[in-house]
Amino acid sequence: MAGNSFGDLFRITTFGESHGKAIGVIVDGCPSNIEIDGAFIQSELDKRKPGQSKITTQRKESDTAQILSGVFEGKSTGTPISIVIPNEDQRSKDYSHIADKYRPSHADYTYQMKYGIRDYRGGGRSSARETAARVAAGAIAKLFLKQQGIEIFAHVSGVGQIEAPNVDSSDLKALLETRESNIARCADPATANEMIDFIDNIRKNGDTVGGRISTIIRGVPAGLGEPVFDRLHAELGKAMLSINAVHGFEYGSGFEGSRMRGSEHNDIFITENGKVVTKTNFSGGIQGGISNGMDITCKVAFKAVATIMRDQETLNQAGDETTISGKGRHDPCVVPRAVIIVEAMAALVIADQLLKQRAYTHI
């Protein structure tokens, strides 16, 4: 099975299935002498773990990270870092009724066609449980980026038709505190309450809903990105689109930029405290596929979770029409738990690009 690795110099490979013994990740390329804070890694995983509120899946997993290699006396050694996260609350019987049925909008049919076999227990490798491994790896990338003065902040900016207003991003620490004060993980308290009530009603009706996550990456130096095909925004787009349920990615002004004239959209260069900056940031911190030193901004759109607690028509493996019933424990809206996944993937991209740029300067 190809496609299990991401990155070039800061490279990760994830493994494991939703209902197997464990999931995990190997991080290869992390520079040596980076302080590896186990408590920080665990705190990141806690933001993604299931069962944390009434608007998330009630599967109970501690998502306890076990570092097996690559760390000595609290610091990275430069060798591969291996992390395992045991699965503790599998209920494979919840999926026995779909052993020969294809769930609508799931990967059941496509996996069967590609491999001739599929693990129907929670979707196996296609399950979003795999993203816990990404969060663990992303935490290591964040620890590396922190030493470079780079910060990453994401929050739920939309659920269904609900949109949060633009927040003041001058103080990312304050935004983080606000985000973590509510279970919707929205940086606007009033909108968060509206989102929570809406998601809870969706859950009670046995349905699901999608949403949007907005991200700011601050402190990235100018010069990161590899034209022509490996542009920085293309790498970010690939990273985000590899996350389960993501159906859209935009950076900077995104689709709104297509409604503007060049005279409105152009980011004018000025100097500020001896540094080159732009008056506006419609470019989202990336021009010509290369970072320009401004905040990198992007937005990711998640579709509604495919498993709903209602009967649906479908087909079985024999091609016969049948009915499928939603069972098990699933998120009515994935975005509150996906915030930390988006941050992790952003961190992995920037860490990889930073190492590539360092390689140029040392040739």
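Contact here means heavy atoms within 4.5 Å. The model is predicted.

By that criterion, T178 touches C186, A187 and P189, with residues up to four places away in sequence left out of the count. T178 itself sits in helix α4. Its relative accessible area is 22%, so T178 is classed as partly exposed; the class lies between the buried limit of under 20% and the exposed limit of over 50%. T178 was also compared in position with T79. The two residues are 99 apart along the chain. Their C-alpha atoms are separated by 37 Å.

Surface charge was examined next. E151, D168, D171 and E177 gather in a patch of negative charge on the surface. One of these residues, D168, lies in a loop. That loop runs between β9 (162-163) and α4 (172-179). D168 has a relative accessible area of 59% and is therefore exposed.

Y120 is partly exposed, because its relative accessible area is 28%. Y120 and D197 are 77 residues apart in sequence. In space, the C-alpha to C-alpha distance between Y120 and D197 is 32 Å.

Methods: Residues are numbered from 1 along each chain as its sequence is written. This is a predicted model: local features need pLDDT of at least 70, side-chain atom pairs count only at pLDDT 80 or more; totals for chains, interfaces and linings use all residues. Side-chain values use heavy atoms; hydrogens and water are left out. Patches are made of residues with over 30% relative accessible area and no salt bridge: like charges are joined within 9 Å, nonpolar side chains (Val, Leu, Ile, Met, Phe, Trp, Tyr) within 5 Å. Accessible areas come from the Shrake-Rupley method with a 1.4 Å probe; for residues, only the protein chains shown count as cover. A salt bridge is a side-chain nitrogen of Lys or Arg within 4 Å of a carboxyl oxygen of Asp or Glu. Lys and Arg count as positive and Asp and Glu as negative; His and the chain ends are not counted. The place of a charge is taken as NZ of Lys, CZ of Arg, CG of Asp or CD of Glu. Helices (H or I, at least four residues) and strands (E, at least two) are DSSP runs, numbered from the N terminus. Buried means under 20% relative accessible area, exposed over 50%, partly exposed in between (1.4 Å probe, protein chains only).
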